[in-house]
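Hi everyone, thanks for making time this morning. I'd like to walk you through one model, so please have a look at it with me.

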Amino acid sequence: MKETKRGTWSKKKKLVYWSVFLVWLVCAAFLSRQTGEETATLSRRIAEALRPLVRWLTGAEADFESMHLFLRKMAHVALYLGMGTFLLAALNATFEARGWPHTKMVLVAALACPALAVLDEFQKQFIPGRHLQWDEVLLNFASAMLGIGLTYIHVRRRAGNKN
């Protein structure tokens, strides 16, 4: 039986969303498995590279330690916001045609992301120079929920435009 263009696109969309989500997870795992010294060196290099941009935007010299801490926390936000976004998009691409309600997919993503956040932070205590931080678990959870919420709104608006 010949496949329709829509069916082919649907399969490609699933593959793309799941691939992006899995690559995102691999990046998260890589960053989480760095030693304390490695992660501090990486974030300090990035903060140092951004200093001229901050100086240009604000006209003032930024406090390096504050900028460094902000950068580290925003890395968590970006990582988990993306994780929530891509997981819900992948779930939607996979299960929407099977009749799953959007709220069920949101629930799956909303349970999976906090579990990943807890596992991520838990395993850090076994890495030299790293430790479990509950405030980062909460930041990761909130960021994932923001990504899930924004994706849910987008999916619902898109579905509303089709009707």
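Let me start with what I mean by a pocket: on a 1 Å grid over the protein atoms alone, it is an open set of points where a 1.4 Å probe fits, with protein on both sides within 12 Å along at least five of seven lines, and a lining residue has an atom within 4 Å of a point. Grid points are joined across faces, edges and corners, and the volume is the space filled by probe spheres set on the points.

Two bits of housekeeping. This is a predicted model, where local features need pLDDT of at least 70 and side-chain atom pairs count only at pLDDT 80 or more, while totals for chains, interfaces and linings use all residues. Residues are numbered from 1 along each chain as its sequence is written, and side-chain values use heavy atoms, with hydrogens and water left out.

So, how much space lies in the largest pocket? About 570 Å³. Its lining counts 26 residues, and Thr39, Arg72, Ala75, His76 and Arg130 lie nearest the centre. Helices here are DSSP runs of H or I, at least four residues, numbered from the N terminus. H1, H2, H3 and helix H4 (102-124) each give at least two residues to that lining, and H3 has the largest share, with nine.

Phe30, Leu31, Leu42, Ile46, Leu50, Leu53, Trp56 and Leu57 make a nonpolar patch of about 800 Å². A patch like this joins nonpolar side chains (Val, Leu, Ile, Met, Phe, Trp, Tyr) within 5 Å, from residues with over 30% relative accessible area and no salt bridge; a salt bridge is a side-chain nitrogen of Lys or Arg within 4 Å of a carboxyl oxygen of Asp or Glu. Areas come from the Shrake-Rupley method with a 1.4 Å probe, and only the protein chains shown count as cover for residues. Helix H2 brings six residues, the largest share.

Last stop: aspartate 63, in the loop between helix H2 (36-58) and helix H3 (64-95). Aspartate 63 is partly exposed, at 46%.

Methods: Buried means under 20% relative accessible area, exposed over 50%, partly exposed in between (1.4 Å probe, protein chains only). Patches are made of residues with over 30% relative accessible area and no salt bridge: like charges are joined within 9 Å, nonpolar side chains (Val, Leu, Ile, Met, Phe, Trp, Tyr) within 5 Å.
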